[in-house]
Amino acid sequence: MQYSLFGSILTFGAMIGAITSGPIADLVGRKGAMRVSSAFCIAGWLVIYFSKGPVSLDIGRLATGYGMGVFSYVVGLIPTVVLLLGLFFIPESPRWLAKRGLTKDFVAALQILRGKDADISQEAKEIQDYITSLEKLAKPKVLDLFQKRYLRSLTIGVGLMVCQQFGGINGVGFYASSIFDLAGFPSATGTILFAILQIVITGVGAALIDKAGRKPLLLVSGSGLVTGSIFTAVAFYLKVHLD
């Protein structure tokens with residue numbers, strides 16, 4: 001039960017982090033939000049590393065989950081340290097700076113990102129025009145998502161996320177090492193291959209969006225969810241009935 005709680009409490013932290021990520025990013029900027037995320041992840045991993053009991057393990061796991069929710073990125077201790085240090089060498093998001101009215105910082109950040117010899121005048125004007133137009137629009141509300149014109153897109157988007165969760169991907173990720181051990185496969189090798197596969201699929205998905213658009217990606221994603229769920233279900237069925 002303690003093992004299960006340790007695995008699942010990450011999701012509770014991620015839920016809280018996801019809810020607060022927007023206000024944090026608006027308040028302290030995109031870099032600031034990533035710093036907050038890195039700080040929570042580093043603190044969580046350190047607590048886990050030096051933990052002496054289940055309570056401190058759960059607290060560290062919760063903090064790590066919160067950081068993941070803010071950054072929406074699965075991280076470990078070393079990557080988060082590298083990320084935190086790296087943030088000191090990159091500029092803040094130009095769009096966020098423009099939105100806050102920090103014109104000089106906005107221009108400087110955009111110039112750094114595009115290169116010191118690049119002509120950024122046109123892009124800077126487009127961003128300023130976009131921010132100005134955005135501020136003139138009425139502030140959207142959550143209930144606006146449930147308008148009839150958004151129903152199809154909302155159903156598809158949320159439906160894929162729900163199906164993904166029902167497919168048990170988080171459970172597989174949390175207990176990957178145990179699953180590989182039970183299958184008689186080296187857990188370390190299996191976990192590394194599992195992570196590499198996720199990275200490859202993410203890259204293929206991004207390439208598919210650029211080449212064919214989002215609709216084919218949704219079809220591939222949906223097919224993958226169905227196929228993966230079937231294989232997982234068959235594997236656990238055979239595990240129960242063949243032992």
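Contact means heavy atoms within 4.5 Å. Helices are DSSP runs of H or I with at least four residues, and they are numbered from the N terminus. The model is predicted, so local features need pLDDT of at least 70 and side-chain atom pairs count only at pLDDT 80 or more, while totals for chains, interfaces and linings use all residues. Residues are numbered from 1 along each chain as its sequence is written, and side-chain values use heavy atoms, with hydrogens and water left out.

The buried residues of α2 pack against α1 (2-49) and α8 (169-174). Among those buried in α2 are Asp58, Arg61, Tyr66 and Met68; buried is under 20% relative accessible area, exposed over 50%, and partly exposed in between (1.4 Å probe, protein chains only).

By the rule for aromatic rings, there are 3 aromatic pairs. Rings of Phe, Tyr and Trp (its six-membered ring) pair if their centres lie within 6.5 Å; planes under 30 degrees apart are stacked, over 60 edge-to-face, and the rest tilted. Phe40 and Tyr66 form a tilted pair, 4.5 Å centre to centre with 50° between the planes. Phe40 lies in helix α1 and Tyr66 in helix α2, so this pair ties together parts 26 residues apart in sequence. Phe40 is partly exposed at 35% relative accessible area, whereas Tyr66 is buried at 14%.

Two charged ends sit over rings, that is, NZ of Lys or CZ of Arg is within 6 Å of the ring centre and within 35 degrees of the ring normal:

| Charged residue | Ring | Distance to ring centre |
|---|---|---|
| Arg35 | Phe88 | 4.9 Å |
| Arg95 | Tyr130 | 5.3 Å |

Arg95 is also in contact with Ile131.

Technical notes. Helices (H or I, at least four residues) and strands (E, at least two) are DSSP runs, numbered from the N terminus. Lists of a residue's contacts leave out its neighbours within four places in sequence.
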